[in-house]
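Subject: Structure handover

Hello,

Here is the structure I said I would pass on. My notes follow below it.

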Amino acid sequence: MASMISTASLGYLSFERTNRSNNGVAVGIGNGATSACVVKEMRVEKPLEELYSVRVEREVLKERLTELGVSRWSVWKTGKCKLPWDWQVDQLVYIEEGEVRVVPEGSDRFMQFVAGDLVRYPKWFEADLYFNGPYQERYSFLAYGDD
């Protein structure tokens, strides 16, 4: 059990329950079968949003948009392209049309945000942005302490 605890603390652990009779053939529970637990290695990865402090609200309600004053924010549009970007300040983005795939610098994983998402990118975040078609967002730069 001690090895399972140290393994779990590294974030690598999964279980598979098997039921075996005396001759090693898998059977259902009952009929004198014994139950065993097989440990397999598995890597548990945190979501990129958590790792990079990117906050996202999905399918934001109109009341929330009104509260934030999104209709007064600046508009930015693009078509299909790849754009390297780094954020010099915190930025709040509401996606009005399309979707974006965000690949943090040095990562082979990505985050995906779509129309209706409200995304907060943190200061000093660097990523490549991939747009697969028409895209439109409203954005606002946040001052220190704004939430």
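The protein has 3 helices and 11 strands; the model is a predicted one. Along the sequence the elements follow the pattern α-β-β-α-β-α-β-β-β-β-β-β-β-β. Of its 147 residues, 29% count as buried. Taking contacts between residues at least 6 apart in sequence, 73% join residues at least 24 apart.

The sheet

An open sheet is formed by 5 strands, in the order β3-β9-β6-β11-β4, with antiparallel pairing. β3 (55-57) and β4 (74-78) are the edge strands; each has a single partner strand, so one side of each is left without a neighbour in the sheet. On average, neighbouring strands here are turned by 25° against each other, direction ignored.

Going through some of the pairings:

- β3 and β9 run antiparallel and are joined by 3 bridges. In this pair, Glu57 stands opposite Leu118 of β9.
- β6 and β9 are also antiparallel, with 4 bridges between them. Leu92 has Arg120 in β9 as its bridge partner.
- β4 is joined to β11 (residues 135-141) by 5 bridges, again antiparallel. Here Val75 stands opposite Arg138 in β11.

Strand β9 (residues 118-121) deserves a separate note. In a regular strand, side chains alternate between the two faces of the sheet. In β9, Leu118 and Arg120 point one way, whereas Val119 and Tyr121 point the other way. Are these residues buried or exposed? All four of the residues named, Leu118, Val119, Arg120 and Tyr121, are buried.

The largest pocket

The largest pocket has a volume of about 220 Å³. It is lined by 14 residues, of which Trp76, Trp85, Gln91, Leu129 and Glu137 are the closest to its centre. Which strands supply at least two residues each of the lining? They are β5 (81-86), β6 (91-97), β10 (126-131) and β11. The largest share, 4 residues, comes from β11. β6 and β11 are also members of the open sheet described above.

Regards

Methods: Residues numbered from 1 in each chain as written. Predicted model: local features only at pLDDT ≥ 70, side-chain atom pairs only at ≥ 80, totals over all residues. Heavy atoms only, no water. Pairing = 2+ DSSP bridges. Axes fitted to C-alpha atoms, helices over the stretch in contact; angles between N-to-C directions. Buried < 20%, exposed > 50% of the residue type's maximum accessible area, 1.4 Å probe, protein only. Contact = heavy atoms within 4.5 Å. 1 Å grid on protein atoms, 1.4 Å probe; cavity = no way out; pocket = protein on both sides within 12 Å on 5 of 7 lines; lining within 4 Å. Points joined across faces, edges and corners; volume = space filled by probe spheres on them.
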